[in-house]
Amino acid sequence: METKGKKIPVIQNKCEFTGYDASKLLKETATIRNIVTKRATLEILFPLCCTTEPVRHKQFKKSLKGISSKTLSTRLSELVSEGILTRETFPEVPPRLEYKLTKKGQELIESITDLLQWMQKWSSK
């Protein structure tokens, strides 16, 4: 396996995902991993996992303290472009924007929830 041009020592024939080439898997998932690991992404996604109702831009802004409007807008746009969220714009003044998880987004949240539960289990107290 290689990362940024450096070889990582791995135990031969012991460190593979069954049916997957780890290097290829990391390359194929780079875009989505990049978005998911960016600041504020999880904070945006989790309120959506608990509702079937769309969430308005201003609701995110109110509930996400310490995250700038620019970061929020950028992250929401990235999640929409990746097909994780849908965005609906209403022709009102001021414009109303609503976001909802797609099926892809719902599956992502389920996976992240499992990962967070694992982290919680193994985190030192």
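This briefing describes the salt bridges and the strand pairing of one protein structure. The structure is a predicted model, in which local features need pLDDT of at least 70, side-chain atom pairs count only at pLDDT 80 or more, and totals for chains, interfaces and linings use all residues. Residues are numbered from 1 along each chain as its sequence is written, and side-chain values use heavy atoms, with hydrogens and water left out. Helices (H or I, at least four residues) and strands (E, at least two) are DSSP runs, numbered from the N terminus.

**Salt bridges**

- Side chains of opposite charge can pair when their charged atoms come close.
- A search of the whole structure finds seven salt bridges, each defined as a side-chain nitrogen of Lys or Arg within 4 Å of a carboxyl oxygen of Asp or Glu.
- One of them links Glu28 with Lys24, whose closest N and O atoms are 3.8 Å apart.
- Glu28 and Lys24 belong to helix α1 (residues 22-28) and are separated by four residues, about one turn of the helix.
- Both Glu28 and Lys24 are exposed; exposed means over 50% relative accessible area, buried under 20%, and partly exposed in between (1.4 Å probe, protein chains only).

- Glu78 and Lys38 form a salt bridge through their side chains, at 2.8 Å from N to O.
- Because Glu78 lies in helix α5 (residues 69-81) and Lys38 in the loop between α2 (30-36) and α3 (41-49), this pair ties together parts that are 40 residues apart in sequence.
- Glu78 counts as buried because its relative accessibility is 18%, whereas Lys38, at 27%, counts as partly exposed.

**Strand β5 and its neighbours**

- Strands β4 (residues 85-90) and β5 (residues 96-101) run antiparallel and are joined by six bridges; two strands pair if DSSP finds at least two bridges between them.
- β4 and β5 form a hairpin, with five residues between them.
- Within this pairing, Thr89 stands opposite Leu97, and Glu88 has Glu98 as its bridge partner.
- Strand β3 (residues 55-56) also pairs with β5 in the antiparallel sense, over two bridges, and there Val55 stands opposite Tyr99.
- Five of the six residues of β5 are buried, so this strand is largely enclosed by the rest of the structure.
- Glu98 is buried, with a relative accessible area of 12%, and its side chain meets that of Arg96 in a salt bridge of 2.9 Å, N to O.
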